[in-house]
Amino acid sequence: MLITLTGAMPNAPDLGYLFGKNPAAVFTREFSAGQVWVFYPAVAEDHITIALLTEIDPVGLVRGPAALAQIDQYVNDRPYVASSLTSVAMQTAFSTALAGRCRERPDLLERQVQWTITLPVVACDAGAELITRIFAPLGYNVTATPLALDAAFPQWGASDLLRVTLAGTQTVQAALSHLYVLIPVLDNSKHYYVGPEEAEKLRAHGGAWLAAHPERELIARRYLRYRQALVRTALAGLAEGDPPDTEGAAAGSVAPEEDAPGLHEQRLAAVLAAVCASGATTLADLGCGEGRLLELALREPTLTRIFGMDVSPVALARARRRLHYDTLPAAQQARLQIAQGSLVYRDARLAGFDAAALVEVIEHLDPPRLAALEQVLFAHARPRRVIITTPNREYNTIFAKPERLRHGDHRFEWTRAEGRAWADHITASYPYRYAQRELGPVDATHGAPSQLLIFDRQDD
Ligand code: SAH
C-alpha cells in the first residue's frame with residue numbers, strides 16, 4: 001500500500017524537518033501489522049514528494065492478537081488498500097508530525113503547503129460521493145475514480161475500491177491528521193477493537209477541525225464503528241474541547257492470549273527432549289514462528305541439520321533476527337536453514353528428517369485442511385518421529401474461560417479425548433504409533449494446559 005504527498009512551497013526540502021525524515025535517506029520500521037517505509041521519490045527547491053509504503057503481513061493479521069479479529073482469512077485485501085492499518089503505519093512513521101511538534105524548525109509548523117495527495121487504492125463501501133462529502137469541506141479538491149473489479153472483464157463493473165487524489169492547501173499536521181482520521185472512516189472496517197481509546201484518538205487528532213466539520217456525526221459514527229455511547233461522548237467532548245467521558249465504556253476489552261507463565265519454555269524443553277531421546281540428528285520445526293525452538297535446537301550438538309519453516313514471512317524475519325542468522329559463524333549457518341512454506345502443501349524439502357516438531361501450530365489450521373496436513377506430514381515427509389503440541393481445551397476452565405479459545409487465531413482446541421481421536425485416525429491410516437502426554441501442571445480433573453502427541457514410524 002502506497003500513499004504519496006507532493007507538497008509545493010519555497011524551500012520545499014525544509015518539509016523534511018516537519019516529517020522528521022531526512023529527504024536523502026530511507027526510513028523503515030516494523031509495526032504491529034507489518035513494515036513501513038518512508039522515502040522521497042522527488043526533491044526539488046519548489047516541491048517535494050514524500051511516500052509512505054507499507055507491507056502488511058496478511059497472515060500476521062489473522063493470527064495476531066484478538067485486536068485484529070475482524071479478519072479471519074489469510075487472503076485478504078489489507079496489504080493492498082489504504083485502510084485503518086494505514087493510520088497505524090502513519091502513527092509509526094509520523095508520530096511527531098501528527099502531534100504538531102518540530103524541535104529543529106518550529107517556525108515551519110504553521111506553514112501552509114499546497115498539497116497533491118494520491119491514494120492509489122482506497123476501500124470505500126459508499127463510493128466517490130462519500131469521499132467528496134468528507135474531504136471537500138476541509139478545503140480539498142477531490143477526484144475519486146472507481147477501479148474496475150477486473151480490467152479484463154469490464155462487464156463485471158466497478159469494485160469497492162477507488163483511486164483518490166486530494167488537492168488543497170494545508171499545514172503538514174492538518175494534512176496528516178485528515179488522512180489519519182478519515183482513511184479508516186472511508187474504509188468502514190476498522191481492524192481493531194474500538195474502545196474508549198479510539199474515542200480519545202478521534203478527539204486528539206480530529207479536535208482542531210472535526211468540531212466544525214458538517215459531517216462530524218457521520219465521521220464519528222463510522223470511526224467508532226457505530227458504538228453509540230462512544231459516539232455521543234466523543235461528539236460532546238469535541239463541542240467542549242475536553243477529553244470525552246469514557247467511564248463505563250471499557251467493558252468488553254480484549255484479553256491477551258491465555259497461557260500459564262513459563263508454560264511455553266516447558267513446552268519447548270519437552271519437545272526438544274523428545275527429539276533428542278529418539279536419537280535424531282536432523283530436525284524440521286514446522287510452523288517455527290519466531291524461532292524459539294530453533295534457538296534451543298542450535299545448542300544441541302547432536303543435531304547436525306535443523307530446518308525451520310513457517311507460512312508467515314514476518315515471523316521468519318523475526319526468527320532470523322533472533323538467531324542472528326546473517327552473522328552466524330559458517331559452521332552454525334550450515335546446520336540451519338529457514339524457509340517459507342505451508343504445511344498444507346506437499347513439499348520435497350520436508351523429506352528425510354529424523355524428527356519433525358509442530359509446536360502450537362495444528363490448532364491454527366482450519367479443520368478441513370487437516371486432511372492435507374496429514375498427507376503432507378505422514379504420507380510424504382514421513383519423519384521417524386513427529387512431535388505435536390496443542391492446547392488441552394479441558395484446562396480452559398482453570399483459566400476461568402471455559403467457552404473461549406486461548407488465541408484469536410485458534411481454529412479449534414481439542415480435549416485430550418479429541419486429541420486421541422485424531423491420533424487414532426492417523427495411526428489407523430499411516431504406519432505410525434503414538435503416545436499422548438500431559439504438558440504443564442496437571443489438574444486431577446482437567447489435566448494439563450497442553451497435550452503432547454508423539455508419533456513414531458513403525459516401518460523401519
Ligand atoms: N512453533 C512456534 C510458533 C507457534 S504460533 C512456537 O512455538 O513459538 C503458530 C505458527 O504456525 C505461526 O508462526 C504461524 O505462522 C504458523 N502457521 C500457521 N499455519 C501454518 C501453515 N499452514 N504452515 C506453516 N506454518 C503455519
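Trainee: How many residues surround the ligand, and which are the closest?
Mentor: The ligand is surrounded by 16 residues, counting any with a heavy atom within 4 Å of it. The closest are His 264, Gly 287, Asp 310, Leu 343 and Val 359. Note that this is a predicted model, in which local features need pLDDT of at least 70, side-chain atom pairs count only at pLDDT 80 or more, and totals for chains, interfaces and linings use all residues. Residues are numbered from 1 along each chain as its sequence is written, and side-chain values use heavy atoms, with hydrogens and water left out.

Trainee: What lies 2.6 Å from an oxygen atom of the ligand?
Mentor: That is a polar side-chain atom of Asp 310, a polar contact in the sense of a pair of N or O atoms within 3.5 Å. A nitrogen atom of the ligand lies 2.7 Å from a backbone N or O atom of Gly 287, and a side-chain N or O atom of Ser 342 is 3.1 Å from a ligand nitrogen.

Trainee: How much of the ligand's accessible area does the protein cover?
Mentor: The protein covers 90% of the 570 Å² that the ligand has on its own, by the Shrake-Rupley method with a 1.4 Å probe.

Trainee: Turning to His 264, why does it count as partly exposed?
Mentor: Because its relative accessibility is 22%; buried means under 20%, exposed over 50%, and partly exposed in between (1.4 Å probe, protein chains only). His 264 is found in helix α9, residues 263–277, helices being DSSP runs of H or I with at least four residues.

Definitions and conventions
Polar contact = N/O pair within 3.5 Å; in protein donor to acceptor, adjacent residues only side chain to side chain. Helix = DSSP H or I, 4+ residues; strand = E, 2+ residues; numbered from the N terminus.
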